[in-house]
Amino acid sequence: MSTWLLLFRKEMLESTRNYKWIWIPLVFLLLGISNPVTTYFMPQILESSGVAADLVPVPTSVEIMAKSLSQYGTLGLLILALSFMGIVAAERQSGSAIMVLVKPVSHRSYILAKWSGMTVLTLAAVGLGQLGTWYYTNILFESVPFRLVWTSLLVYALWLLFINTITLFLSCLMKSVGGIAFISLGVAAVLAILTQVLDHTMKWSPSRLTGAASQILLSGQGGGDMWLAIALTIAFIAALLAGSVTASRRMWTKS
Amino acid sequence: MNLLEVGGLTKRFGANAAVDGLSFAISQGRCMALLGPNGAGKTTTLKMLSGLLEPSSGTIRFIGEARADIRESIGYLPQYPSFFNWMSGKEFLEFTAKLARIPAKEAASRAKELLERVGLKDAAKRKISGYSGGMKQRLGLAQAVIHRPKLLILDEPVSALDPQGRREVMELLKEMKRETTILFSTHILHDAEEISDDVMIMDRGHIVVEGDLQQLMRDHGKPQIRIKVGNADPAWVQGLRDRPFVREFEFALGLITLQVTNLHEARESLFREFVDQGLEIEGFEMGQTTLEDLFMKAVQA
Ligand SMILES: Nc1ncnc2c1ncn2[C@@H]1O[C@H](COP(=O)(O)OP(=O)(O)O)[C@@H](O)[C@H]1O
Ligand SMILES: [Mg+2]
């Protein structure tokens, strides 16, 4: 069995044993479901508090689904950063990583297995969340074609994976796990703001993927710059992965 | 035949040289103790040998080792081993076996065999988080030898253990000594004397003394007599330093330590004095200066 696969399975087993495989998807599922459900009951909630319900426009199905996506980008991202901040740093700190790295294991397999583990878990979590949203949206409102659901989801997930990769990279570089999560989320926030402010110069920005994903739901099209942002985000992820491997190797062999 | 040859091995952390120009060789099948006080550079040296740390300069050469990755030929137990505590002992050993490229089926049987050997058979299915310090150290030993390494590198394998755990690990080391070449570090002399063939004493990044333990004892072992007297006359005690056969004299806590030129001559002469002066001798011991004296001297120099 290849070393990468072996380490990947270890990551999977570990995140099962420490219940990350339960509670991360659960948080995303709750985020996803709560959105259409609260929207459905909103008129009653408003009425009971004395506000005329017809003053508030009822969102369309696709708007509800787009809103769910944006929730994964805030609360969801926070959960992901907090769960993955120690993914490399904690093992290095405790010394358990030594047990892996004294065996004939390359830093590349080691890091790629970590990344794959994060990726599978993240995709499963947003996938579950969005399926939940879709299910309740279809029941409570008009139905949304599945094609829009999964394409928008993939585009949005790429943004989450990008931030995940930054977390991984920082985890290879830094000791303080709190700092790792803080900087990852900071990068996400700053990118999102800059991309809005400098709309024309930031066409390449990974955070454009969030807008593109909503566009897919609302209009069926991600917009002209979507593919540029997708290509560059994939390139950034690849570069960050290469950087993580180098950082991990340096961290071990130099100090 | 040499298994490992090290030349000019140096590791600098900033301006500090933790290991400074180490050159030595380890012979196949021998057990070498790397001795030295805390901060001598033992851990740094062992980490470089096991491929975890890159030397600032110098060479490490495995003789007749064609494998691209030297880690395949090395087993390593860190000074403070840390495990994946959510795994069971069995899971952990199978995992490390597979990392060492042992096929799955063989990995399982090898793990089983080693768990039994290190006395963890009954705890095999329990989580490592519940293991005692001694159990963890034995598990660490098992993972280090799982792939039958040519060289077993152990960093202070018994230093942190209680006497019982220390005993168990020492017995295991004695067994493993028969199967592979061992390099282990310790700051406790007794450990080195108990199982090593060769010793290397390090201090502040340098080798102070190195060689065959027996040979070193012979070369550095000076005939020595220790006397404990109940009713010693201080004048007589102090007068001992002027005897022709006494080379070095020490008197502390009622114990006289003499390094002498000739044991027999010294004994004859001293016994006569005991009788003539009616001294109450509570203890009389003849022997050689130990590795400890050598160690203390080397480290203080
Ligand atoms: N990563 C590091 N960074 C800076 N200094 C270090 C590092 N590791 C060890 N040292 C220093 O190198 C010296 C030797 O340390 P070490 O090899 O751990 O000694 P020993 O194992 O013999 O106690 C010590 O002075 C220690 O402070
Ligand atoms: Mg040490």
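Let's start inside chain B, where Gly89(B), Phe92(B), Leu93(B), Glu94(B), Phe95(B), Thr96(B), Ala97(B) and Leu99(B) of helix α2(B) are buried; buried means under 20% relative accessible area, exposed means over 50% and partly exposed is in between, using a 1.4 Å probe and protein chains only. This is a predicted model, in which local features need pLDDT of at least 70, side-chain atom pairs count only at pLDDT 80 or more, and totals for chains, interfaces and linings use all residues. Residues are numbered from 1 along each chain as its sequence is written, chains are lettered from A and ligands numbered from 1 in the order in which they are written, and side-chain values use heavy atoms, with hydrogens and water left out.

Back to α2(B), residues 89–99: eight of its eleven residues are buried, so the rest of the structure largely encloses this helix. Helices here are DSSP runs of H or I with at least four residues, strands are runs of E with at least two, and both are numbered from the N terminus. What covers the buried residues of α2(B)? The cover includes α1 (3–17) and α5 (96–101) of chain A, along with α3 (104–117) and α4 (133–145) of chain B. Just after α2(B) comes Arg101(B), with a positive phi of about 70°.

Two loops of chain B hold residues with a positive phi as well. Most residues other than glycine have a negative phi. Arg204(B), in the loop between β8 (198–203) and β9 (206–212) of chain B, has a phi near 45°. Its relative accessible area is 55%, so Arg204(B) counts as exposed. Leu253(B) sits in the loop between β11 and β12 of chain B and has a positive phi of about 50°, although it is not a glycine. Leu253(B) is exposed too, at 85% relative accessibility.

Now step back to chain B as a whole. It has ten helices and 13 strands, and its C-alpha trace spans about 80 × 45 × 35 Å along the principal axes. Of its 301 residues, 50% count as buried. Take the contacts (heavy atoms within 4.5 Å) between residues of chain B at least 6 apart in sequence: 70% of them join residues at least 24 apart.

On to the sheets. One open sheet in chain B has three strands in the order β2-β1-β4, with antiparallel pairing; two strands pair if DSSP finds at least two bridges between them. At its edges stand β2 (16–27) and β4 (57–62) of chain B, each with a single partner strand, so each has one side without a neighbour in the sheet. Neighbouring strands are turned by 10° against each other on average, direction ignored; the axes are lines fitted to C-alpha atoms, for helices over the stretch in contact, and angles run from 0 to 180 degrees between N-to-C directions. Five bridges join β1 (residues 2–13) of chain B to the antiparallel β4(B), and Thr10(B) stands opposite Ser57(B) in β4(B). Helix α1 (residues 42–49) of chain B packs on this sheet and touches β1, β2 and β4 of chain B, its direction making about 120° with that of β1(B).

Another open sheet of chain B has four strands, ordered β11-β12-β10-β13 and paired antiparallel. Its edge strands are β11 and β13 (281–288) of chain B, each pairing on one side only. Seven bridges link β10(B) to β13(B), and Arg226(B) stands opposite Glu285(B) in β13(B).

Finally, the pockets. On a 1 Å grid over the protein atoms alone, a pocket is an open set of points where a 1.4 Å probe fits, with protein on both sides within 12 Å along at least five of seven lines, and lining residues have an atom within 4 Å of a point. The largest pocket holds about 610 Å³ of space; a volume is the space filled by probe spheres set on the grid points, which are joined across faces, edges and corners. Of its 29 lining residues, the closest to the centre are Ala192(A), Ser207(A), Arg208(A), Thr210(A) and Gly211(A). Which element gives the largest share of this lining? It is α3(A), with seven residues.

The second largest pocket has about 510 Å³ of space. Among its 23 lining residues, Glu250(B), Gln259(B), Thr289(B), Asp293(B) and Lys297(B) are the closest to its centre. Helix α10(B) gives the most to this lining, with seven residues.
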